[in-house]
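Have a look at it first, then read on.

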Amino acid sequence: MNLIQALHEARAAEKEQALFYRGLAAQAEDRGDAELSERCNELHADEQHHLSRLTARLLELGAGLTDLDHVSSQAVRMEAWEAAARVREEAEVLRYEQLLRTGMDDTTRALLGEILDTERHHAEELGGKWTTA
């Protein structure tokens with residue numbers, strides 16, 4: 001797989017993950033669970049930040065952006081959200097570990113390494129706000 005294609009796929013996965021957490025935050029808010037809503041909003045913010053950084057990197061590399069309007073995330077019951085989120089986060093960790101084993105420029109490698117660190121925190125704690133601006 002070439003790097004540009006892999007970055008496009010990672011970007012789409014980050015959009016799906018952001019939508020997953022946004023949906024959970026809304027469900028928690030509807031239930032009156034402000035603490036869980038904030039937790040999911042923080043995870044959403046990190047995933048959205050990854051999406052933005054991948055978008056910027058693709059543009060810096062001169063790649064066109066693929067349309068992500070088709071990307072969605074399946075809703076999950078609140079009772080099962082942690083198990084579902086943990087599986088999703090572990091998949092993200094694996095994706096970035098595999099991607100970092102391929103050849104790429106130092107700037108892209110640093111970006112993906114930072115994202116991987118955040119995804120590891122997510123997988124361990126299912127909490128957000130690990131991404132720095």
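Start with Arg57, which sits in helix α2, residues 34-60 (helices here are DSSP runs of H or I, at least four residues, numbered from the N terminus). This is a predicted model, where local features need pLDDT of at least 70 and side-chain atom pairs count only at pLDDT 80 or more, while totals for chains, interfaces and linings use all residues. Residues are numbered from 1 along each chain as its sequence is written, and side-chain values use heavy atoms, with hydrogens and water left out.

Is Arg57 buried or exposed? Arg57 counts as buried because its relative accessibility is 11%; the cut-offs are under 20% relative accessible area for buried, over 50% for exposed and partly exposed in between, using a 1.4 Å probe and protein chains only.

Two packed helices are described by the angle between their axes and the distance between the axes. For α2 and α4 the angle is about 165° and the axes are 11 Å apart. Axes are lines fitted to C-alpha atoms, for helices over the stretch in contact, and angles run from 0 to 180 degrees between N-to-C directions. So α2 is roughly antiparallel to α4; angles under 35 degrees count as roughly parallel, over 145 as roughly antiparallel, 65 to 115 as roughly perpendicular and the rest as oblique. The α2 and α4 crossing is left-handed, meaning that the near helix is turned anticlockwise from the far one by less than a right angle (clockwise would be right-handed). On the α2 side the contact residues include Leu43, His50, Leu54 and Arg57, and they meet α4 residues including Thr108, Leu111, Ile115 and His122. By class, this contact has 5 nonpolar, 5 polar and 8 charged residues. Here Ala, Val, Leu, Ile, Met, Phe, Trp, Tyr, Cys and Pro count as nonpolar, Asp, Glu, Lys and Arg as charged, and the others, Gly among them, as polar.

Now for α4 and its other partner, α3. The axes of α3 (residues 81-100) and α4 (residues 106-125) come within 9 Å and cross at roughly 155°, which means α3 is roughly antiparallel to α4. The crossing of α3 past α4 is left-handed. Among the α3 residues in the contact are Glu89, Glu92, Val93 and Tyr96, and among those of α4 are Leu112, Ile115, Leu116 and Glu119. The class count for α3 with α4 is 8 nonpolar, 2 polar and 9 charged residues.

How do α2 and α3 sit against each other? They pack at an angle of about 20°, with axes 14 Å apart, and are therefore roughly parallel to each other. This crossing, too, is left-handed. Leu36, Arg39, Cys40, Leu43, Glu47 and Leu54 of α2 make the contact with Trp81, Glu82, Glu89, Glu92 and Tyr96 of α3. By class, there are 6 nonpolar, no polar and 5 charged residues.

Glu92, in helix α3, deserves a stop of its own. Glu92 counts as buried because its relative accessibility is 2%. Beyond neighbours within four places in sequence, Glu92 is in contact with Ala13, Glu14, Gln17, Glu47 and Glu119. Also in α3 is Ala83, which counts as exposed at 55% relative accessibility.

Finish in helix α1 (residues 3-30), where you'll find Arg11. Arg11 is buried, with a relative accessible area of 8%, and its side chain reaches the backbone oxygen of Thr66 at 2.9 Å. Not counting residues up to four places away in sequence, Arg11 touches Leu51, Leu54, Thr55, Leu58, Leu65, Thr66 and Leu68.

Definitions and conventions
Helix = DSSP H or I, 4+ residues; strand = E, 2+ residues; numbered from the N terminus. Contact = heavy atoms within 4.5 Å. Polar contact = N/O pair within 3.5 Å; in protein donor to acceptor, adjacent residues only side chain to side chain.
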